[in-house]
Every structure is written in C-alpha cells, then in structure tokens.
Amino acid sequence: MTGIGEAVGRLLDGLGVDRALWTDGSMPSVTPLTGERLTMVRVADAATTDEALDKAGAAFRSWRHVPAPRRGELVRLWGEELRGAKDDLARLVTIEAGKIPSEGAGEVQEMIDICDFAVGLSRQLYGLTIATERPAHRMMEVWHPLGVIGVISAFNFPVAVWAWNAALALVCGNSVVWKPSEKTPLTALAVQAVFGRALARFGDAPDGLAQLLIGGREVGEALVDDNRVALLSATGSTRMGRSVAPRLAARFARAILELGGNNGAIVAPSADLDLALRGVAFGAMGTAGQRCTTTRRVFVHDSIYDGFVARLKAAYASVGVGNPLESEVLVGPLIDRAAFEAMEGALGAARAAGGVVYGGERVGDGASFYVQPALVEMPGQIGPVLEETFAPILYVMRYYDLDQVIELHNDVAAGLSSAIFTTDVREAERFLAASDCGIANVNLGTSGAEIGGAFGGEKETGGGRESGSDSWRQYMRRATNTINYSDALPLAQGVSFEL
Ligand code: UN1
C-alpha cells in the first residue's frame with residue numbers, strides 16, 4: 001500500500017470498519033488525488049441484496065412502533081458520533097472524492113446539521129385537524145411510517161446526501177437501504193461504522209435498520225424494481241433518472257429524484273461586484289465544478305461586462321489547483337478520466353460554437369485528472385451551454401435586458417438552482433418571481449445550500465425535495481381519519497340514503 005493507502009487504512013481502522021469489508025473484495029477503490037487503487041472492497045450479490053431487503057422489511061415493522069421521539073434519540077446519538085468522527089470522515093471524503101479539506105469538513109457538517117434537524121423533527125411530525133361539515137364529527141390527518149427507503153447516492157456528496165435521507169427516514173419510522181456510488185465505497189463504509197456506534201449506544205434498535213449495499217448497477221436496479229422498497233431517493237444524472245423514473249412509476253413506488261442541474265447566475269448593473277466575483281467563483285470552481293448546484297452559466301450585464309469578466313478571468317488564472325492533501329488549493333481533481341474527457345468534449349464543442357476558452361488545461365499527468373477551471377465567453381446560449389457537463393466550466397454571456405435574460409436563464413432543461421447579484425430590490429424580486437428553479441438566491445451563489453430548506457429542483461432535475469422544510473412528508477404516508485361521535489349518520493354532501 002502507498003502513503004495514501006496506509007492513511008486510509010489507519011482512518012478506517014480507527015473508525016472501526018471491519019477490515020474484511022475493504023481488503024479482500026472485488027471492487028477497486030481508487031483515489032482521484034493520485035489515481036491509484038487503494039483497496040478492493042466487498043460487494044453485495046443478488047442473494048445479499050435480497051436478504052438485506054427482507055431484513056429491512058422486518059426492521060421497519062418493528063421500528064415503526066417505536067415512539068418518534070425515541071427514534072429521534074438514535075439520530076441524536078448518531079449526530080454526536082459524527083461530531084467525534086468529523087475530522088477523520090472529512091479526510092476520507094478528501095481522499096475518495098477529491099474535495100479540499102474545508103469542503104470535506106463542510107460535507108460532514110451537513111450530516112451533523114441534518115441529524116440536529118431530524119431530532120427536533122421527531123417531536124414535530126404534525127398532521128392537521130380539519131373542520132368537518134358533519135355535526136359531532138372530527139376529521140384529522142395522521143402521518144404513518146412508510147416502509148423501506150432505498151437511497152442511491154452520487155460520488156460528489158458521498159455521505160451528506162445519504163444522511164439527508166437516512167436521518168429523516170429514521171425519525172419518520174422507516175428502515176433504510178443505501179447503495180452509494182461505486183466511486184466512493186470507503187466513505188460509505190466509514191459512515192456506516194459511525195452509525196453503528198450510535199446503534200450500539202442506543203441499544204435496542206432492530207437489526208437491519210440502516211443497511212449499506214456496496215455494488216454496481218445491479219444493486220441499484222434491485223432497489224428500483226423491488227416491491228419491498230416503498231420509496232427510492234436517487235441522486236445522479238438526468239440520464240439515470242430517465243431510466244429509473246418510469247420503472248418506479250410502473251410499480252407505483254414513490255420517488256425522490258435529484259438529477260442534473262444547469263445553474264445560472266445573473267450579475268446585474270447594480271451588483272456589489274466584489275461579492276458577485278466571490279459568489280460566482282465559488283459557485284463555478286468550488287468542488288472542481290462537481291456539485292449538482294455548480295454555477296455553469298453566468299449572464300453579465302453589458303454595462304459592467306468588460307470589467308467584471310476581466311476580474312473573473314484573473315481569478316480563474318490565479319486559483320490554486322492541485323492535490324488538496326499536499327498544498328493549500330481551492331480546486332482538487334476531477335473524479336476520473338471520463339470526467340476529464342467530458343470536459344474536453346464540452347470545451348471542443350464550445351469552441352466550435354464560437355466560444356472563446358480561457359483555462360481548461362490539464363495540470364500534471366498520470367492517472368489523476370487535475371484541470372485549470374475553464375471560463376468560456378459564449379456568443380449565446382447554444383451548443384454545450386444547454387447541457388450539464390460535470391466539470392469546472394463556466395459559460396459567460398452578455399445581456400442587455402433583465403426580462404430577456406430571465407427568459408434565457410429559464411430556457412434550459414434542468415431547473416435546480418439559480419442566483420442574481422443585484423442591489424436593486426425590484427430586480428431581485430422580479431428574478432425570484434420568475435426563476436423556474438427549486439432554489440433561487442439573491443447575492444449569493446447557486447451552490448452551498450443549508451440543510452434547513454427543501455433541496456431539489458424542477459424539470460429535468462426531477463422534482464424531488466430532500467433535506468429540510470417539510471421534505472419529511474415524503475417519507476411518511478398520510479391517512480385522513482374521520483370520527484363520528486354522534487349516534488346519527490349524517491352523510492357528506494347532503495346525500496340521503498334511508499333504509
Ligand atoms: C449535490 O451536489 O448533489 O447546495 C448536493 C449544495 C450542497 C449540496 C449539493 N449543500 O451545494
């Protein structure tokens with residue numbers, strides 16, 4: 001094992017991950033920091049998956065009867081354990097997903113935050129009491145646990161997205177089966193071990209309450225197609241969503257889809273340009289452009305275009321790119337060769353469509369893929385600008401009129417996140433009223449949402465909502481109960497049916 005391999009071994013041992021799970025398997029674990037293979041991870045086969053779903057069903061049938069505040073206690077302990085393991089988990093996120101240390105730590109913080117949120121929620125699974133038209137009747141809605149929740153997560157948020165789903169699902173009385181990205185099995189094993197510590201302290205949770213299934217496409221497909229899974233929450237590409245959504249619909253399963261984004265920001269003439277520069281730079285270059293919320297398009301008003309874009313180019317030219325374990329950089333590696341090739345392809349298409357590309361060069365060589373983030377001045381919203389390329393490419397376009405640019409902003413297939421930089425309250429409100437995205441911000445970038453809000457987007461982003469606000473309702477089923485406490489039987493809508 002190499003230096004990184006040994007560091008990973010120490011981290012996994014320290015977190016108490018069973019060595020057999022990550023030393024003698026058949027699926028390679030690779031770090032994008034150097035491109036080297038670290039270990040061979042054990043994968044679930046069809047029989048293991050089948051058994052896991054049976055166990056999850058049994059766990060649900062028991063857990064659903066545990067009072068919700070007591071279920072919250074498990075999540076409270078989980079949050080405590082995560083606090084203790086934060087540094088180690090963050091380092092693993094850096095090693096496996098390539099995030100810079102502060103973003104690795106931020107991702108673990110998202111897990112802690114959603115645990116806190118879910119603990120409070122465990123005492124707030126409220127339903128409504130509704131006025132009835134019949135005398136001496138009471139009508140109310142009650143929320144019940146749903147069943148087994150399947151979670152498919154992506155490499156770029158290898159642990160937080162699982163926690164968003166699992167923390168809510170568990171306080172709502174469900175069991176969880178998780179298939180992480182094939183690119184990030186080690187962080188999955190690590191957070192599962194940390195969850196195991198909370199389970200041990202909790203004491204009497206049913207076996208199989210939250211299970212991890214590492215494996216390839218077939219494991220994900222089993223979760224999609226199996227009737228034992230009541231709700232599937234899947235994060236990934238729109239292409240993946242297109243295949244998953246009809247299959248879930250065919251068996252009337254619930255779906256939370258969090259798919260592609262093609263997020264735009266508008267920089268208006270009155271914008272605080274220092275703030276806008278930082279907001280756009282973090283949104284576009286942060287996480288090496290590999291967030292679903294990454295800023296991919298920026299529309300700059302003609303009156304400030306030249307000055308603002310010159311400053312943006314300078315920021316792009318000077319940003320530190322490299323191995324975040326070795327030096328203080330802001331941009332780590334792309335996840336793999338395919339990501340690099342997709343970036344090259346998009347830049348080629350942009351040039352062919354009349355775009356002028358700054359940056360985008362590969363930094364270093366070998367088995368890892370570091371790139372200088374690319375800023376591309378485009379003559380219009382054409383060609384690759386219309387698609388999400390999961391890499392640090394920012395398409396820059398000039399605009400003249402706010403209404404026109406808002407229309408252009410909305411004229412893409414995805415609808416996840418959006419932003420405007422302006423100090424003009426009318427412009428801000430016009431944008432918020434018109435943006436067709438699930439997230440719309442003023443004077444901050446498109447990425448880096450807090451867990452308290454509902455997270456997700458419209459159109460090809462899939463329509464699902466995770467994390468805060470009332471997203472929890474998706475993990476429960478609602479029953480409307482009407483109780484007649486009279487000795488008469490008045491029928492609704494004035495219907496008469498006298499025997
Ligand atoms: C994702 O990229 O799938 O808003 C999730 C953000 C993060 C979550 C991103 N809190 O950028």
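Biologist: Contact here means heavy atoms within 4.5 Å. On that basis, what is Thr129 in contact with, leaving aside its neighbours within four places in sequence?

Modeller: This is a predicted model, to be clear. In it, Thr129 is in contact with Met139 and Met140, once neighbours within four places are set aside.

Biologist: Where does Thr129 lie?

Modeller: Thr129 is in strand E3, residues 129-130.

Biologist: Is Thr129 buried or exposed?

Modeller: Exposed is the call for Thr129, because its relative accessible area is 63% and the cut-off for exposed is over 50%.

Biologist: Which strands form the open sheet, and in what order?

Modeller: Three strands, ordered E3-E4-E23, with antiparallel pairing. E3 and E23 (476-484) stand at the edges with a single partner strand each, so one side of each has no neighbour in the sheet.

Biologist: Over how many bridges do E4 and E23 pair?

Modeller: Nine bridges, in the antiparallel sense; E4 covers residues 137-145. His137 stands opposite Asn484 of E23.

Biologist: New topic. How many residues of strand E6 are buried?

Modeller: Five of five, for E6 at residues 175-179. Both faces are covered. Ser175, Val177 and Lys179 are buried on one side, and Val176 and Trp178 are buried on the other.

Biologist: Why two sets of side chains, in general?

Modeller: In a regular strand, side chains alternate between the two faces of the sheet.

Biologist: In what sense do E5 and E6 pair, parallel or antiparallel?

Modeller: Parallel, over five bridges, with E5 at residues 148-152. Ile152 stands opposite Lys179 in E6. The chain goes from E5 through H6 to E6, and that β-α-β crossover is right-handed.

Biologist: And E6 with E7, over how many bridges?

Modeller: Three, again in the parallel sense, with E7 at residues 210-212. Gln211 in E7 is the bridge partner of Val177. E6, helix H7 (residues 185-202) and E7 make a right-handed β-α-β unit.

Biologist: Back to H6. At what angle do H4 and H6 pack?

Modeller: About 150 degrees, with axes 8 Å apart. H4 is residues 68-97 and H6 is residues 160-171. Angles over 145 degrees count as roughly antiparallel, so H4 and H6 are roughly antiparallel to each other.

Biologist: Which residues meet in H4 and H6?

Modeller: From H4, Ala68, Arg71, Gly72, Val75 and Trp78. From H6, Trp162, Ala163, Ala166, Ala167, Leu170 and Val171. By class, the contact has nine nonpolar, one polar and one charged residues.

Biologist: Now the loop between E5 and H6. Which residue has its place there?

Modeller: Ala154 does. Ala154 counts as buried, because its relative accessibility is 16%, and the cut-off is under 20%.

Biologist: What does Ala154 touch, not counting residues up to four places away in sequence?

Modeller: Ser181 and Thr235.

Biologist: And how far is Ala154 from Ser417, C-alpha to C-alpha?

Modeller: Those two are 18 Å apart in space and 263 residues apart in sequence.

Biologist: Last one, Thr235. Where does Thr235 lie?

Modeller: Thr235 is in strand E8, residues 229-235. Thr235 counts as buried, at 8% relative accessibility. Leaving aside neighbours within four places in sequence, Thr235 is in contact with Ile152, Ser153, Ala154, Val161, Met240, Glu258 and Glu466.

Notes: Residues are numbered from 1 along each chain as its sequence is written. This is a predicted model: local features need pLDDT of at least 70, side-chain atom pairs count only at pLDDT 80 or more; totals for chains, interfaces and linings use all residues. Side-chain values use heavy atoms; hydrogens and water are left out. Axes are lines fitted to C-alpha atoms, for helices over the stretch in contact, and angles run from 0 to 180 degrees between N-to-C directions. Helices (H or I, at least four residues) and strands (E, at least two) are DSSP runs, numbered from the N terminus. Angles under 35 degrees count as roughly parallel, over 145 as roughly antiparallel, 65 to 115 as roughly perpendicular and the rest as oblique. Ala, Val, Leu, Ile, Met, Phe, Trp, Tyr, Cys and Pro count as nonpolar, Asp, Glu, Lys and Arg as charged, and the others, Gly among them, as polar. Buried means under 20% relative accessible area, exposed over 50%, partly exposed in between (1.4 Å probe, protein chains only). Two strands pair if DSSP finds at least two bridges between them. A crossover is right-handed if, with the strands pointing away from the viewer, the path from the first strand over the helix to the second runs clockwise.
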